[in-house]
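Please keep the sequence and the model side by side while reading.

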Amino acid sequence: IITRAAKACKWRTLGDMNTVDANAWIRARVERDGISSRTCQKTVVALRDFGGWCASPAQALLPLNPFQELKWTGRQVRVYERRPVTAEELRKIIEAARIQPLQAALKGSGVQNGACALSEETRTALLWKGHTRALAYQLMSGTGLRWNECRTLAIGDINLAAGVITLKAENEKNRKGAQIPLNSELKPVMAGYMAERLRRLAGGSTLLPGAFNTHPFFDGLPLSLAKAFKKDCESAGVKVED
């Protein structure tokens, strides 16, 4: 938050920081991006805490906290009504995720049905990307894994013979680690993906047992789910916010 604020407000030194710029930046984000009051309040707290740290006797980097008077009193801009996703909606989202990267690329090229608009190599890569994301959704819905827990799984964490995923403590939210069972529907799908993932990693070389155990199981999942998930929901015709 501090780095983002400094870049937006063009602060070059600690002495450049001030409440006027910070308040204008927060309000601009409300008007431009529609951020919620909760996000605004979180931003205010972060800036005030950082300013207080800079002005503390232990640090003495500033004579006073430049954000001491910074407050957020605006109203809630958007309210999200959370609701469970139905089984049918989940199926649609997963199917949409499989083809959304390719569809987006074709749309960007201006050709909806253009087999020649993209090279075969590009099409294959986009379909693999969609397959990866769709399987991640399947795994999360079938096991209860969070996005980061799913994204940080290593190949060696998955024991398909035993039908168990080992969730490392450092990747789990409560930092305890866990053994997650795979249901009968997930195991063959995971096995097919594992085989293709290993084939791609080996690149035609002889595959030695355990050679890629420390590599991520999922190929290239983004750090954040929000943007991709929203696109997949739109593609599936599933409304995710009110």
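Leaving aside its neighbours within four places in sequence, which residues is leucine 223 in contact with? The first point takes this up, and the rest work through the chain.

1. **Leucine 223.** This is a predicted model. Leucine 223 sits in the loop between α7 and α8. Its contacts, once neighbours within four places in sequence are set aside, are Trp147 and Arg151. Leucine 223 is exposed, because its relative accessible area is 67%, and the cut-off for exposed is over 50%. Leucine 167 lies 56 residues from leucine 223 in sequence, and their C-alpha atoms are 18 Å apart in space.

2. **Overall make-up.** The chain holds eight helices and three strands. Read from the N terminus, the order of elements is α-α-α-α-α-α-β-β-β-α-α. The radius of gyration is 23 Å, well over the 18 Å that the globule rule gives for 242 residues, so the chain is more spread out than a compact globule. Along the principal axes, the C-alpha atoms fill a box of roughly 65 × 45 × 35 Å.

3. Buried residues make up 34% of the 242 in the chain. Take the contacts between residues at least 6 apart in sequence: 61% of them join residues at least 24 apart.

4. **Helix α3, length.** Helix α3 covers residues 37-55. Its 19 residues, at 1.5 Å a residue, should span 27 Å, and the end C-alpha atoms are 27 Å apart, which agrees.

5. The buried residues of α3 are Ser37, Cys40, Thr43, Val44, Leu47, Gly51 and Cys54. They cover an arc of only 120° around the axis, so they lie on the same side of α3. That buried set packs against α1 (2-9) and α2 (19-33). What does the face of α3 turned away from the buried side carry? It carries the exposed residues Arg38, Lys42 and Asp49.

6. **The sheet.** Three strands make an open sheet, ordered β1-β2-β3, with antiparallel pairing. β1 (158-159) and β3 (178-181) stand at the edges with a single partner strand each, so one side of each has no neighbour in the sheet. Strands of a sheet pair through backbone hydrogen bonds, either parallel or antiparallel.

7. **Pairing in detail.** β1 and β2 run antiparallel and are joined by two bridges. Asparagine 159 has valine 164 of β2 as its bridge partner. β1 and β2 form a hairpin, with four residues between them. Glycine 163, in the turn, has a positive phi of about 70°. In β3, alanine 178 is the bridge partner of leucine 167, and isoleucine 180 is that of isoleucine 165.

8. **Sides of β2.** Which β2 side chains are buried? Ile165 and Leu167 are, and they point to one face.

9. **The largest core.** The largest nonpolar core has 34 residues. Leu139, Ile165, Met190, Phe217 and Phe218 touch the most other members. Elements giving two or more residues to this core are α4 (87-109), α5 (120-143), α6 (147-151), β2, α7 (186-202) and α8 (226-236). The top contributor is α5, with seven residues. Another core, of 17 residues, lies apart from this one; among its members are Ile35, Cys40, Val44 and Cys54.

10. **Phenylalanine 218.** With neighbours within four places in sequence left aside, phenylalanine 218 is in contact with Thr132, Leu135, Ala136, Leu139, Cys150, Tyr193 and Arg197.

11. **Two backbone angles to check.** Lysine 10 has phi near 60°, a positive value in a residue other than glycine. Lysine 10 is in the loop between α1 and α2 and is exposed, with a relative accessible area of 60%. Alanine 60 is also not a glycine, yet its phi is positive, at about 50°. Alanine 60 lies in the loop between α3 and α4, and at 57% relative accessibility it counts as exposed.

How values were computed. Residues are numbered from 1 along each chain as its sequence is written. This is a predicted model: local features need pLDDT of at least 70, side-chain atom pairs count only at pLDDT 80 or more; totals for chains, interfaces and linings use all residues. Side-chain values use heavy atoms; hydrogens and water are left out. The expected span of a helix is 1.5 Å times one less than its number of residues. Buried means under 20% relative accessible area, exposed over 50%, partly exposed in between (1.4 Å probe, protein chains only). The arc is that of the directions from the helix axis to the C-beta atoms. Contact means heavy atoms within 4.5 Å. Two strands pair if DSSP finds at least two bridges between them. A nonpolar core is a set of buried Ala, Val, Leu, Ile, Met, Phe, Trp, Tyr and Cys residues joined through side-chain atoms within 4.5 Å. The radius of gyration is taken over C-alpha atoms; the globule rule is 2.2 Å times the number of residues to the power 0.38.
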